[in-house]
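Dear colleague,

I am handing over the structure below, and my notes on it follow. Please read them with the structure open beside you.

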Amino acid sequence: MGYVTRLAAVVLWLAGASAAVAIPDDPLESPQWDSMVAKHFGEDAEIVFDDRVRVLAAGYAEDAMETPVMVEAPDLPDVESVVVFADLNPITKILEYYPERAAPTLAFRFKIQQATPVRAAMRTADGMWHVGGTWIEAAGGGCTAPSVAAGSPIWESRLGEISGNAWARGPDRERLRFRVVHPMDTGLAAGIPVFHITDVTLATPEGETLARLKPFEPVSENPVISVDLRYRGPVALSGRDNNGNRFAATLPAPDSP
Amino acid sequence: MTRCFLLLAALVWPLTVAADNPYELTPQQVADNTYVFVGALEHFSYDNLGNIVNTGFIVTDDGVVVIDTGPSRLYGEAMREAIAGVTDKPVVQVYITHHHPDHYLGNQAFADVDIGALSGTIEQIRAIGADLTTNMYNLVGGAMRGTESLPPTQEVTAGSRVTVGGHELELIGMQGHTGADLAILDHTTGVLFAGDLAFLNRTPTTPNADVATWVETLHTLSQREFATLVPGHGPVRDDAEAIAQTQTYLSWLWRNLNAAAGHGLDMPEVMMQELPYRWRGLAVIVPEFRRSVSHLYPDIEADVLEPVAGQE
């Protein structure tokens with residue numbers, strides 16, 4: 001079905017190329033698909049549903065505050081940017097990812113408010129957006145609940161603390177996993193303002209950028225992120241939040257396998 | 001006119017509910033004077049009315065002892081009716097094995113009786129009972145109507161023995177499935193009501209589990225002498241298979257998740273892995289395993305994410 005959808009979408013796109021670009025029908029049948037297109041891609045974007053873009057998640061969110069998702073596209077070349085969004089969350093955009101020397105593979109956890117499609121849109125070098133997704137059911141409430149930190153008197157002392165590890169994935173590849181202590185408040189819980197990490201950069205010690213990440217409010221408190229780098233060695237991590245706090249650390253190279 | 005109709009509806013509706021209890025509970029005799037209502041090996045659903053749990057009762061000379069009250073008020077009421085079909089004796093004592101909603105939300109039907117539980121169970125029900133009930137309304141739907149969280153009324157002492165109408169009951173206080181798990185051993189019949197410390201042919205659940213403690217607890221429990229074991233979920237048997245199976249599954253689960261964290265896997269990768277052949281016979285293995293990853297993996301992976309000194 002997915003391949004047919006893709007083909008149909010391409011045909012539609014070709015047919016409509018001279019006029020306004022046709023929006024392909026949503027295989028997930030989301031009530032918000034059209035508005036997602038307007039919001040995250042803009043009118044002239046070229047969009048195709050593509051089975052090569054995979055969103056891995058359990059079908060039911062056991063913990064509305066920490067719903068795990070992995071996006072990947074091992075067979076899709078030349079991915080320059082990735083946007084992950086949840087159609088029916090009050091804040092739809094979860095994060096943006098720019099895998100410069102990295103695979104378009106990313107895992108994280110986010111706050112889910114209700115049952116919603118979760119999608120990864122990957123923009124390839126030719127300008128085309130390739131979209132994959134899945135529905136996640138949820139009892140919900142994750143976005144409007146206060147963070148644990150918001151009720152803790154000591155969180156400031158640990159803000160920006162970084163932990164992590166790396167695993168070799170071949171001679172010139174590594175899986176990097178890191179966690180940053182941060183409340184990631186959405187601003188939707190009464191009396192608690194928006195407070196979240198806005199930028200994370202992963203680079204070589206010499207300063208060459210490996211990947212950039214822009215988390216938004218729905219990313220879970222104390223984010224744990226996994227990426228697959230086309231690089232093996234120590235990684236300099238730096239980032240900041242919307243209040244101007246900066247944090248940085250160097251994660252050691254993976255042990256030899 | 002509208003007001004009139006509402007008044008009429010208010011008068012008629014509760015009667016309709018009482019007459020229309022959707023649960024069909026048939027007691028299965030498992031030993032002398034001892035009966036179990038065996039639930040489905042499923043997840044909560046509209047179709048199964050939340051009846052996925054084993055509850056039981058012992059008919060003693062002085063009255064009936066009930067062990068767990070099920071997922072809803074209507075389930076509790078159906079239990080009482082089914083018990084009345086077996087004996088004329090009144091219910092004189094209820095025990096709740098732990099705070100999970102499928103085991104105690106029938107308490108309203110036993111509000112006239114002492115409802116005993118470990119102190120840790122009572123604390124949990126007082127703290128989160130309302131949330132648990134709301135969640136059950138979402139999962140089970142209309143069969144939950146009229147259900148409210150009623151905390152147990154009597155604190156029992158772990159390790160104590162009580163004699164009711166000729167049955168000597170040992171109240172074994174343990175931990176692992178939750179922070180307070182009550183197992184009840186009837187020394188008169190040799191029936192062990194293990195609560196959710198033991199599952200059989202249904203994947204164990206871990207939302208409040210301490211897996212290492214739970215495995216130790218099962219080892220301790222397996223040393224006890226009993227003739228028949230009533231697991232919290234799954235068939236009743238005259239051997240210790242439920243303990244052995246639960247112990248083996250939990251040990252595998254713990255090793256699997258720790259190995260995955262050691263290899264740098266993220267949660268969706270762990271959830272989506274192909275599960276070993278030997279577990280495919282367990283009911284609801286795939287969704288329940290994924291739930292366990294949610295419950296247990298964040299703490300396990302924290303051990304492999306090593307603190308890195310910050311720089312400015």
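In chain B, 5 strands form an open sheet of mixed pairing, in the order β8-β9-β10-β11-β12; strands (E, at least two residues) and helices (H or I, at least four) are DSSP runs numbered from the N terminus, and two strands pair if DSSP finds at least two bridges between them. The edges are held by β8 (161–164) and β12 (228–233) of chain B, each with a single partner strand, so one side of each is left without a neighbour in the sheet.

This is a predicted model, in which local features need pLDDT of at least 70 and side-chain atom pairs count only at pLDDT 80 or more, while totals for chains, interfaces and linings use all residues. Residues are numbered from 1 along each chain as its sequence is written, and chains are lettered from A and ligands numbered from 1 in the order in which they are written.

Within the sheet, β11 (residues 191–199) of chain B pairs with β12(B) in the parallel sense over 5 bridges, and Leu192(B) stands opposite Leu229(B) in β12(B).

Turning to the two chains, 25 residues of chain B are in contact with 30 residues of chain A, contact meaning that the C-beta atoms, placed from the backbone, lie within 7 Å. To the side of chain B that touches chain A, α8(B) gives the most, with 6 residues.

Kind regards
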